[in-house]
Amino acid sequence: TVLELSGVRNILAKQLGSSNPLNNARAAVDALAHLRRFSEVARERNISIEKLYASS
């Protein structure tokens, strides 16, 4: 629901643990707040962005 409200469509997700809707919404918002850019991950791993894409 959180992702659909933000404009993301056709998303498939799995809930682990709680089936409480409020807890699940909080977990989704927390996960979205902790997303990182590819450039940040590449810098942390000390590799190029191209190499990061190639490993996916």
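Predicted model: local features only at pLDDT ≥ 70, side-chain atom pairs only at ≥ 80, totals over all residues.
Student: Where do I start with the aromatic rings? How many aromatic pairs are there?

Tutor: Ring centres must lie within 6.5 Å to pair. By that rule there is one aromatic pair. Phe38 and Tyr53 form it, at 4.6 Å centre to centre.

Student: Is the pair stacked, edge-to-face or tilted, and what is the angle between the planes?

Tutor: Planes under 30 degrees apart count as stacked, and over 60 as edge-to-face. Phe38 and Tyr53 have 35° between their planes, so the pair is tilted.

Student: Which parts of the chain does the pair link?

Tutor: Distant ones. Phe38 lies in helix α3, residues 38-45. Tyr53 sits in helix α4, residues 49-54.

Student: Why does Phe38 count as partly exposed?

Tutor: Look at relative accessible area: buried means under 20%, exposed over 50%, and partly exposed is in between. Phe38 has 42%, so it is partly exposed. Tyr53 has 48%, so Tyr53 is partly exposed as well.

Student: Which residues form the nonpolar patch on the surface?

Tutor: A residue needs over 30% relative accessible area to join a patch. Here Phe38, Ile49 and Tyr53 form a nonpolar one. Together they have about 290 Å² of accessible area.

Student: What does the UniProt annotation cover?

Tutor: The unreviewed UniProt entry gives "domain: Small ribosomal subunit protein uS5 C-terminal" for residues 1-45. Over residues 1-45 the chain is 56% helix and 0% strand. The end C-alpha atoms of that stretch are 33 Å apart.

Methods. Residues numbered from 1 in each chain as written. Heavy atoms only, no water. Patch = residues over 30% accessible without salt bridge, like charges linked within 9 Å, V, L, I, M, F, W, Y side chains within 5 Å. Areas by Shrake-Rupley, 256 points an atom, 1.4 Å probe, with all protein chains shown as cover. Salt bridge = Lys/Arg side-chain N within 4 Å of Asp/Glu carboxyl O. Helix = DSSP H or I, 4+ residues; strand = E, 2+ residues; numbered from the N terminus. Buried < 20%, exposed > 50% of the residue type's maximum accessible area, 1.4 Å probe, protein only. Phe/Tyr/Trp six-rings, centres within 6.5 Å; stacked < 30°, edge-to-face > 60°. UniProt positions renumbered as here; feature names shortened; annotations may be inferred.
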